[in-house]
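Reader: Please walk me through this one, and give me the cut-offs as you go.

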Amino acid sequence: MTASALRIDDLTVRRHGFRLGPLSLELPTGSCLVLQGANGAGKTTLLEALAGFAAPESGSITLHGQDITTLPPERRRIAYVPQDLALFPHMSVERNVMFGLRRTGAEPRGLLERLLQDFDLTALRDRRPDELSRGQRQRLALARALATEPSLVLLDEPSVNLDTASRRSLHAGVRRLLTEHGLGVLYVTHDQSEAASLGGHVAIMDQGRLLQAGPFTEVLQRPVDDRVASQLGIENLWPARVVGPSAEGLKLEIHGCPMLSRCTTAPAGEALAGIGAGEVELFREPPPDDICNCLQTRVVTMETTSQGVQLQLQGALSLSAWAPGWWAAGLAPDMLLWARLPPESLRLLEGHSGAASQP
């Protein structure tokens, strides 16, 4: 079993009328934990408690086997990069990184040069933060955080307002923290795609509570309810009735449509069936009769984005689907398409807040 870099046990924090927890969570050594949730979920409060800026009411925080619950921030060996990055505006890139150096028995100049090179800042060393792009400032914040030789790095929504290229560069920097330095990283984001890109583990929070946590692929495959599913980008949710088992999983009925899911167990009580828009398969012509889970639909709306074309479709079910730009060329509202919900992607989860899609 992989050792835990961070262990949180029954942590409770009260701040300005907000209550976080009780919350228990683990981060394996050398892993990235993506923390997701809407505004007000308590993500930043959790980071501040871990960094030592918010005192817990109860519970404990253990870092590499050491109880740090009551330690002051400077003794925790945790690097916290807030949303505003907290760079010194009057200092150059080089001096910002130098400020973060906390080494004994070694020449800091060598580490400085390596950090500048690793985060592509060497040519920018004499510039001040206001002379950098947002992506460059983000890389500078990572380099300065790593200069403190931390055991854990906390990143509070680091990708906000970054363009695609800068976001890729940021993700490369985070992977470097994991693979080259073996650090644990807590990464707060609102973007559903970042959990998939960074892999590792995910924790979904809502109103100060932890809804679900675990390896990203496991949580994505079996979210506990529609709140978790929505946070993970599983846009299509419908009430489902489990008809019975089959040789390949479970037979379902969704708004009168017979469906097959690869799930082998059904949640107790009312169930929802869910699938991500990117998991829906689209056809311009009717698929062969022996392909299951196919629906005739028509195009309602189309929206072109940098990721492709998002389609809203209406048939026996109302659903969202993504299509590559080349595939969607020539599509128009009211055109007929056929949508397939692959059984391996059709999840079953417990109903909770009544946010399921309408037929």
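Author: A charge counts as sitting over a ring if NZ of Lys or CZ of Arg is within 6 Å of the ring centre and within 35 degrees of the ring normal. This is a predicted model, in which local features need pLDDT of at least 70 and side-chain atom pairs count only at pLDDT 80 or more, while totals for chains, interfaces and linings use all residues. Residues are numbered from 1 along each chain as its sequence is written, and side-chain values use heavy atoms, with hydrogens and water left out.

Reader: OK, which ring does the charged end of Arg284 sit over?

Author: The ring is that of Trp327, and the charged end of Arg284 is 4.9 Å from its centre.

Reader: Let me step back. How many helices and strands are in the chain?

Author: The chain has nine helices and 20 strands, where helices (H or I, at least four residues) and strands (E, at least two) are DSSP runs numbered from the N terminus. Along its principal axes, the C-alpha trace spans about 70 × 45 × 40 Å. Of the 359 residues in the chain, 51% are buried, with buried meaning under 20% relative accessible area, exposed over 50% and partly exposed in between (1.4 Å probe, protein chains only).

Reader: And what about contacts between residues at least 6 apart in sequence?

Author: Among those, 68% join residues at least 24 apart, a contact being heavy atoms within 4.5 Å.

Reader: Now the sheets. What is the strand order in the open sheet of four strands?

Author: The order is 2-1-4-5, with antiparallel pairing; two strands are said to pair if DSSP finds at least two bridges between them. Strand 2 (18-28) and strand 5 (66-67) each have a single partner strand, so one side of each is left without a neighbour in the sheet. Strand 5 runs antiparallel to strand 4 and is joined to it by two bridges, and Asp67 in strand 5 is the bridge partner of Thr62.

Reader: What does helix 1 lie across?

Author: Helix 1 lies across strand 1 (4-15), strand 2 and strand 4, and it runs at about 115° to strand 1. Axes here are lines fitted to C-alpha atoms, for helices over the stretch in contact, and angles run from 0 to 180 degrees between N-to-C directions. Helix 1 is mostly covered, with eight of its nine residues buried, including Lys43, Glu48 and Leu50. After the helix comes Gly52, which has a positive phi, near 100°.

Reader: And the open sheet of five strands, which are its edge strands?

Author: That sheet has the order 13-12-11-14-20 and is also paired antiparallel, with strand 13 (257-261) and strand 20 (347-350) at the edges, each pairing on one side only. From one strand to the next the twist averages 45°. Strand 20 pairs with strand 14 (residues 271-275) over four bridges, in the antiparallel sense, and Leu348 in strand 20 is the bridge partner of Ala273.

Reader: Switching topic: how many residues are in the largest nonpolar core?

Author: It has 43 residues, and Val174 and Val185 have the most contacts inside it; a nonpolar core is a set of buried Ala, Val, Leu, Ile, Met, Phe, Trp, Tyr and Cys residues joined through side-chain atoms within 4.5 Å. Helix 4 (residues 134-147) gives the most to this core, with seven residues. Leaving aside neighbours within four places in sequence, the contacts of Val185 include Leu27, Cys32, Leu152, Val174 and Leu178. Apart from this core lies another, of 30 residues, among them Leu252, Ile254, Ala321 and Leu341.
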